[in-house]
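Welcome, and thanks for taking a look at this model with us.

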Amino acid sequence: CNRNDKQYVGFATLPNQVHRKSVKKGFDFTLMVAGESGLGKSTLVNSLFLTDLYKDRKLLNAEERINQTVEITKHTVDIEEKGVKLKLTIVDTPGFGDAVNNNECWKPITDYIDQQFEQYFRDESGLNRKNILDNRVHCCLYFIPPFGHGLRPVDVEFMKALHEKVNIVPLISKADCLTPNEVKKLKDRVRDEIEHFGIKVYQFPECDSDEEEEFKQMDKELKECTPFAVIGSNTVVEARGQRVRGRLYPWGIVEVENQSHCDFVKLRNMLIRSHMHDLKDVTCDVHYENYRAHCIQEMTSKLAQDNRTDSPLPILPLPTPDVETERLIKMKDEEVQNNHH
Amino acid sequence: MAATDVDIFSNEEKRNLSLGGHVGFDSLPDQLVSKSVTQGFCFNILCVGETGIGKSTLMNTLFNTMFENEEASHYQNGVYLRPRTYDLQESNVHLKLTIVDTVGFGDQINKEESYKPIVDYIDTQFENYLQEELKIKRSLFNYHDTRIHICLYFIAPTGHSLKSLDLVTMKKLDSKVNIIPIIAKADTISKSELHKFKIKIMSELVSNGVQIYQFPTDDEAVTEINSSMNAHLPFAVVGSVEEVKVGNKTVRARQYPWGVVQVENESHCDFVKLREMLIRVNMEDLREQTHARHYELYRRCKLEEMGFKDTDPDSQPFSLQETYEAKRKEFLGDLQRKEEEMRQMFVNKVKETEGELKEKERELHEKFEQLKRMHQEEKRKVEEKRRELEEEMNAFNRRKVAAETLSLSQPLKKDKDKKN
């Protein structure tokens with residue numbers, strides 16, 4: 001510590017200040033989970049955040065699901081750890097892929113994501129920006145069934161519809177039905193198919209070249225392990241003298257946090273412990289910016305087509321007025337012009 | 001004499017008589033068995049389930065054979081059925097086994113039509129049998145029976161309930177084939193979850209009126225085992241062709257980092273129960289049910305469609321033969337009529353074309369005549385012109401000659417004049 005009175009300026013304390021302020025402000029994170037019923041989404045979320053978010057949910061039976069439409073549900077919880085507060089929102093997509101005819105079943109989901117972007121866009125362009133609520137989806141965990149040979153058409157279509165709107169993290173669910181060889185084969189297959197179909201999943205940022213070797217090694221292992229093969233559990237069992245989250249079978253006990261059993265720990269570390277903020281950053285800097293630029297372009301091209309050069313309204317990047325507002329504006333326009341004559 | 005005797009006997013009550021000694025007809029079942037062993041048996045299994053759910057692996061495990069199969073792709077446009085027939089032998093019993101796979105089932109985004117190819121396939125096998133049965137010269141004993149005896153429906157181990165596709169498909173199949181639902185890849189469900197899952201599935205099947213195959217409980221020899229097995233439905237199975245060493249034995253199993261799932265261990269899964277029920281105890285009953293129930297239903301519906309009835313409006317029993325003959329006559333009559341129609345049409349068309357051709361011919365002829373006349377006219381004109389020309393020439397020549405002769409005599413006269 002160079003505390004030479006003349007040379008030391010003191011801005012090295014900035015990180016501490018950032019830390020202090022962020023703890024005071026608290027964090028928020030919106031996580032979406034998507035995939036067919038019965039792949040363990042709720043169990044995994046409970047395992048990740050060590051709470052029970054789904055205590056009283058009602059599951060539909062097969063008959064009700066024949067013509068089911070996709071819903072969007074939100075659960076928000078406030079959790080705290082060592083003074084750090086996190087407002088966690090889990091966005092669920094019940095009904096996805098469950099009906100007999102699943103044409104465009106991802107539309108409600110893309111619409112939801114777009115709505116959050118639009119909401120944020122409006123708020124950001126508004127006059128009072130003190131308390132903007134960020135409901136944008138920061139990460140989408142997509143659950144791939146382990147029963148098949150790879151991605152199915154519905155998986156491909158879903159990911160392609162969302163990969164430019166949200167960070168997609170594909171997971172191989174219920175991995176306790178796959179032997180280690182089968183896991184490797186399926187991961188390779190899924191990775192190949194993702195590349196083949198041009199799906200852009202969330203990429204871990206590159207390590208800084210001046211990071212420690214150990215960190216670089218961990219980072220490399222993490223990247224080679226995707227898509228993560230996960231197992232979740234709502235129950236605690238006794239294994240090797242300890243009480244752990246696991247699944248009890250007649251032939252053995254699967255431990256959720258045992259790295260030789262599944263990639264749960266890797267997922268948790270990546271999602272919560274190391275990359276949560278990066279997921280938020282990519283959402284803000286890439287996905288949201290894409291949306292915003294696209295929106296503005298559409299608006300300006302529309303305005304150019306309208307003959308509203310004498311419009312009394314300034315041409316600001318305002319959110320696209322809806323049909324009602326447009327009509328009103330036109331009416332007022334005419335009024336003003338009539339008054340002039 | 002014969003007619004009246006028969007009448008008397010049919011009104012008498014049956015009497016049980018006791019035998020004075022061993023007659024030997026107790027060997028009848030053995031004779032039957034020996035005949036059927038010589039003939040060989042035939043069994044057809046239909047496996048319905050999502051791609052990758054373990055259909056092929058389970059078949060390999062059940063029959064302890066590596067049936068050849070390639071991994072199916074998830075990107076088929078629709079569902080299609082792939083039947084494969086194998087000749088198996090165990091002791092001296094020959095089995096002609098046909099396994100029908102549903103390729104592409106459950107992969108499409110829109111699965112509303114997925115059940116159709118399956119229903120069509122089952123109906124086609126019934127139809128083929130019916131055609132054979134209705135033939136005048138038929139060889140049923142030689143006929144390779146391809147009717148599906150059992151449909152194994154593979155349910156994905158979600159732990160919640162049936163999928164919507166499962167319900168819709170089973171409802172379409174339950175009146176056409178014996179269905180045994182099984183939970184596939186059951187090593188991903190824990191014991192307590194499995195119990196709840198089975199109850200949920202069965203209650204969903206019952207509340208939606210889906211008829212699954214019940215193991216028969218009317219035969220004393222197998223009542224007990226069958227009724228206890230009925231309570232274990234749907235069977236939760238695990239399939240594997242790989243062998244793992246457990247203790248001092250090598251068994252078929254799946255090896256995980258947390259333990260080894262043994263296929264034939266009844267506390268691990270219901271594979272043994274499925275094999276018992278499907279192959280060792282009820283195979284023959286399945287064949288019988290297919291023929292006596294499902295096929296008969298199909299046949300009745302089909303024949304009713306064709307217009308057959310068992311009794312006419314006056315409640316007199318129709319003879320199938322008469323009805324058949326009548327139908328045949330009708331059909332042949334129809335056929336003949338159609339033939340006539342077509343022939344008539346053909347004849348008309350020929351006439352028409354002939355007419356057209358004749359017309360064309362006449363036109364051509366006319367044209368020819370016209371051209372000929374024109375040609376002759378031209379020729380005549382030319383002839384005339386020629387004659388005129390000749391005449392002119394002649395005239396010119398004469399004048400020339402005349403002029404020459406004149407000029408010849410003229411110079412003498414001139415000379416004479418000059419001399420004077």
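In this predicted model, β2(A) and β3 (residues 84-92) of chain A pair in the antiparallel sense over nine bridges.

- Stepping back, chain A has an open sheet of six strands, ordered β2-β3-β1-β4-β5-β6, and the pairing is mixed.
- The edges are held by β2 (73-81) and β6 (228-229) of chain A; each has a single partner strand, so one side of each is left without a neighbour in the sheet.
- Helix α6 (residues 180-196) of chain A lies across β4 (139-144), β5 (168-172) and β6 of chain A, and runs at about 150 degrees to β5(A).

- Over all chains, the count comes to 54 salt bridges.
- One of them joins the side chains of A:Arg152 and A:Glu36, at 2.8 Å from N to O.
- A:Arg152 sits in the loop between β4 and α5 (153-162) of chain A, while A:Glu36 sits in the loop between β1 (27-34) and α2 (41-49) of chain A, so the pair ties together parts that are 116 residues apart in sequence.
- Buried means under 20% relative accessible area, so A:Arg152 counts as buried at 9%, and A:Glu36 counts as buried at 8%.
- Both residues also belong to a network of salt bridges that links A:Glu36, A:Arg152, A:Asp155, B:Glu50 and B:Lys163.

**Salt bridges within helices**

- In chain A, the side chains of A:Glu118 and A:Arg122 meet in a salt bridge, at 2.5 Å from N to O.
- Both A:Glu118 and A:Arg122 lie in helix α4 (residues 107-125) of chain A, four residues apart, which is about one turn of the helix.
- A:Glu118 is partly exposed at 29% relative accessibility, and A:Arg122 is partly exposed at 41%.
- In chain B, B:Arg280 forms a salt bridge with B:Glu276, and their closest N and O atoms are 3.6 Å apart.
- Because B:Arg280 and B:Glu276 are four residues apart in helix α8 (residues 271-281) of chain B, about one helical turn separates them.
- B:Arg280 is exposed, with a relative accessible area of 53%, whereas B:Glu276 counts as partly exposed at 22%.

Conventions
Residues are numbered from 1 along each chain as its sequence is written. Chains are lettered from A and ligands numbered from 1 in the order in which they are written. This is a predicted model: local features need pLDDT of at least 70, side-chain atom pairs count only at pLDDT 80 or more; totals for chains, interfaces and linings use all residues. Side-chain values use heavy atoms; hydrogens and water are left out. Two strands pair if DSSP finds at least two bridges between them. Helices (H or I, at least four residues) and strands (E, at least two) are DSSP runs, numbered from the N terminus. Contact means heavy atoms within 4.5 Å. Axes are lines fitted to C-alpha atoms, for helices over the stretch in contact, and angles run from 0 to 180 degrees between N-to-C directions. A salt bridge is a side-chain nitrogen of Lys or Arg within 4 Å of a carboxyl oxygen of Asp or Glu. Buried means under 20% relative accessible area, exposed over 50%, partly exposed in between (1.4 Å probe, protein chains only).
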